[in-house]
Amino acid sequence: MGKGAMGKGAQQHALVDANGATRTKANKCTPAKSGAPAASEKEVAVAPTVCAACGKEGSSRCSRCRVWYCSQECQRGHWSTHRDDCKRIAKIGGWEVCHADGDAKKAAQEVMALRGCDEGFCGICGGSAATSRIVQSGCACSSGAHLACLSRCAREYQQKTGKVIGWHRCLVCDEPHAPDVALALAKCQWRGSISLPDKCWDKMRSLSVLANALTSAGQLDDALRVHRADVALCQQHFPEDRDALQEATHNLAQVYGLKGDHVKAIHLEETLLTQITLERGSDHPRTLRRALCLATARARAGDPRSELGLLKRSYARALRALGAAHPVTVDLAHARANALLAVNGDDSKALGLKLFAEVLLEDALMHANKATAPEIESDLKAVRAWLAPRRVAASRVFAPMRLLPPQR
């Protein structure tokens, strides 16, 4: 890019391709400068990748501040506006850090405005609402807490145990936080982890927590982008950890399914099921869990027949290999019952399916834990309500009949 088009010193901050090569005026590629990633190491993008000038999908980045652009023409036209921001963003740490910082502050302000209270005391530090507003996180605890205290407790629990449960569940009552509170905490965690090296486990965990929080909050476009970054980070720096990579891929497939891209979702789930079956065998709990995820993806795509067949085979394997009390068996029984309940009709065949679903739900409820028991109990009440009038009608028909004992 010439100096006349963008101003003095503009050549230092020319466009850099996503793979880390700088475009010169002749549109040739030379090794990138200013600490950009090497060509052999793909940069993981978590912040939005739209062009800063026109809003289209970006393909290259400013070599100093790492802001995205779709072409050299857009960067030239945007330079007069971007000149001052380029220095400021680069001073903060680049576009990724700048976006994470602003996003975390915005999410915290939204939670404070929606759930903040100017009265009461923090249930963690005991401080009053005079220093910072008390947030009701949506869990079963009657007392709220400062958002900063929730973040600090989750971070300390993660450092002590290595578990990230504190970012989306209350550590006191074990109830989940409200989606907006969990998202604000996840963005706060990502802001503190973004400067860590890509090979750091804590950074990958923070990215996974952020992606799942975005999915729970219904922000599927952002969730899809972050899940892709999570998969790319696992593939690039943790290829030996098959479990983490498979879990990240499953989460990505879930988002595809929720967005309606069922072809990609089913393809990813089928690939995962094949990999885990070859690694662990068809009767392993992880294999059966992946079969359940594939059945769920097929159900979202409107393929109930294939879903029922897969659940039937998987449930039989789980009963034989794991037993009725295993959590995977319980989840498969619940899923199979829901698939049977989804079959429409009011004939004798539908009645038989509903009766079998009732038996499956009763068995699942017998061995369910406290997290899954309420949902199973609700489904069991619904199927019994559907069966009740039909049982009465059947009893009226068969009550007058008396079966003679078999003759000897």
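Author: If we leave aside the neighbours within four places in sequence, Cys 117 is in contact with Ala 129, Arg 133 and Ile 134. Please keep in mind throughout that this is a predicted model.
Reader: Okay, and where does Cys 117 lie?
Author: Cys 117 lies in strand 6, which covers residues 116-117.
Reader: How far apart are Cys 117 and Ala 129?
Author: They are 12 residues apart in sequence, and in space their C-alpha atoms are 7.2 Å apart.
Reader: What does Cys 117 count as in terms of accessibility?
Author: Cys 117 counts as partly exposed, because its relative accessibility is 30%, and that category lies between under 20% for buried and over 50% for exposed.
Reader: Switching to helices, how do the axes of helix 5 and helix 6 cross?
Author: The axes of helix 5 (residues 179-193) and helix 6 (residues 201-216) come within 9 Å and cross at roughly 155°. Angles over 145 degrees count as roughly antiparallel, so helix 5 is roughly antiparallel to helix 6. Their crossing is left-handed.
Reader: Which residues make the contact?
Author: Among them are Leu 183, Ala 186 and Trp 190 of helix 5, together with Leu 207, Leu 210 and Ala 213 of helix 6. The residues of this contact divide into 10 nonpolar, 4 polar and 3 charged.

Definitions and conventions. Residues are numbered from 1 along each chain as its sequence is written. This is a predicted model: local features need pLDDT of at least 70, side-chain atom pairs count only at pLDDT 80 or more; totals for chains, interfaces and linings use all residues. Side-chain values use heavy atoms; hydrogens and water are left out. Axes are lines fitted to C-alpha atoms, for helices over the stretch in contact, and angles run from 0 to 180 degrees between N-to-C directions. Helices (H or I, at least four residues) and strands (E, at least two) are DSSP runs, numbered from the N terminus. Angles under 35 degrees count as roughly parallel, over 145 as roughly antiparallel, 65 to 115 as roughly perpendicular and the rest as oblique. A crossing is left-handed if the near helix is turned anticlockwise from the far one by less than a right angle, and right-handed if clockwise. Contact means heavy atoms within 4.5 Å. Ala, Val, Leu, Ile, Met, Phe, Trp, Tyr, Cys and Pro count as nonpolar, Asp, Glu, Lys and Arg as charged, and the others, Gly among them, as polar. Buried means under 20% relative accessible area, exposed over 50%, partly exposed in between (1.4 Å probe, protein chains only).
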